[in-house]
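This report is a first walk through the structure shown below.

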Amino acid sequence: LTLCIPVVTVKGWGVEAMMHKAAAFNMGIALTSFAALDAWADAVRSSDPPPLTYWWDTDTTFHGSTQLVSIEFPRFDPQGYGSGIFTSNIEQVLIEKWVNVELEKVSREVHATVKRFKIPRNAMKGMLALHLQQGHSLHDTACRLLKQLSYRDFVQECPEGQGQFGDGECRWCDEGRFSR
């Protein structure tokens, strides 16, 4: 090998998996990891061409400031990962939402709504692009997105003859009542 690909990461994100991929695909790499997010972002932005880095594309850190492109490794291999062999793409990660454990006790309806709440990836990317274009705070941008969504995005569709109760679950309607 006569050329090393610069790999820049922060706080060790993806280091072990990148070393596995480098060995498996005969990639010479020069790896560095920054302790601070700002230092990492500055290093990626100021490099021409940009180094190899791990980045979640719905994060606004690099939007419009570099020519980052996605590099795809082989499709996620759960058996390989289970055996500690990290040569495939990582599994899609579910972004979790957390609420105070007392919320369900205080309001089962609100807890059930939050539990069902999902923002599609394209809506998230659109919201972040709008945030960058218009310069509004993330809080204001998120409020705008929520106002654009339909309540149906948060309400579970129940089978005919059943209705949604306060805990968000579908149950048969009382005799003489009907739900569509």
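Seven helices and four strands make up the secondary structure of the chain. The model is a predicted one. Followed along the sequence, the elements come in the pattern β-α-β-α-α-α-α-α-α-β-β. The chain has 180 residues, of which 25% are buried. Of the contacts in the chain with a separation of 6 or more, 44% are between residues 24 or more positions apart.

## Nonpolar cores

Which residues form the largest nonpolar core? This core has seven members: Val8, Val10, Trp40, Ala41, Ala43, Val44 and Phe62. Two elements, β1 (5–10) and α2 (37–46), each give two or more residues to this core. Helix α2 provides the largest share, four residues. Another core, of six residues, lies apart from this one and includes Val7, Ala22, Met27 and Leu52.

Phe62 belongs to the largest core. When neighbours within four places in sequence are left aside, Phe62 is in contact with Trp40, Ala41, Val44, Arg45, Trp55 and Leu68. Trp40, Ala41 and Val44 are also listed among the members of the largest core.

## Helices α6 and α7

Two packed helices are described by the angle between their axes and the distance between the axes. Helix α6 covers residues 121–134 and helix α7 covers residues 138–148. Their axes come within 10 Å and cross at roughly 135 degrees. The two helices α6 and α7 are therefore oblique to each other, and their crossing is right-handed.

Which residues meet where α6 and α7 are in contact? On the side of α6 they are Ala123, Met127, Leu128, His131 and Gln134. On the side of α7 they are Leu138, Thr141, Ala142, Arg144 and Leu145. By type, the residues of the contact of α6 with α7 divide into six nonpolar, three polar and one charged.

## Backbone features in the loops

Asp48 and Pro49 are joined by a cis peptide bond, with omega at about 0 degrees. Pro49 is located in the loop between α2 and α3 (78–82).

Lys11 is not a glycine, yet its phi is positive, at about 55 degrees. The loop between β1 and α1 (15–24) holds Lys11. Is Lys11 buried or exposed? With 55% relative accessibility, Lys11 counts as exposed, because the cut-off for that class is over 50%.

Asn26 is another residue other than glycine with a positive phi, near 55 degrees. The loop between α1 and β2 (29–34) contains Asn26. The relative accessible area of Asn26 is 58%, and Asn26 is exposed.

## Pairs of residues apart in sequence

The table lists pairs of residues with their separation in sequence and their C-alpha to C-alpha distance.

| Pair | Separation in sequence | C-alpha to C-alpha distance |
|---|---|---|
| Gly14 and Tyr54 | 40 residues | 6.8 Å |
| Lys97 and Phe117 | 20 residues | 8.9 Å |
| Cys158 and Arg171 | 13 residues | 8.1 Å |

Gly14 is in the loop between β1 and α1. With a relative accessible area of 42%, Gly14 is partly exposed.

Lys97 sits in the loop between α3 and α4 (103–106). At 40% relative accessibility, Lys97 counts as partly exposed. Which residues does Lys97 contact, leaving aside its neighbours within four places in sequence? They are Val114, Lys115 and Phe117.

Cys158 is placed in the loop between α7 and β3 (162–164). Not counting residues up to four places away in sequence, Cys158 touches Gly163, Gln164 and Cys170.

Conventions:
Residues are numbered from 1 along each chain as its sequence is written. This is a predicted model: local features need pLDDT of at least 70, side-chain atom pairs count only at pLDDT 80 or more; totals for chains, interfaces and linings use all residues. Side-chain values use heavy atoms; hydrogens and water are left out. Axes are lines fitted to C-alpha atoms, for helices over the stretch in contact, and angles run from 0 to 180 degrees between N-to-C directions. Angles under 35 degrees count as roughly parallel, over 145 as roughly antiparallel, 65 to 115 as roughly perpendicular and the rest as oblique. A crossing is left-handed if the near helix is turned anticlockwise from the far one by less than a right angle, and right-handed if clockwise. Contact means heavy atoms within 4.5 Å. Ala, Val, Leu, Ile, Met, Phe, Trp, Tyr, Cys and Pro count as nonpolar, Asp, Glu, Lys and Arg as charged, and the others, Gly among them, as polar. A nonpolar core is a set of buried Ala, Val, Leu, Ile, Met, Phe, Trp, Tyr and Cys residues joined through side-chain atoms within 4.5 Å. Buried means under 20% relative accessible area, exposed over 50%, partly exposed in between (1.4 Å probe, protein chains only).
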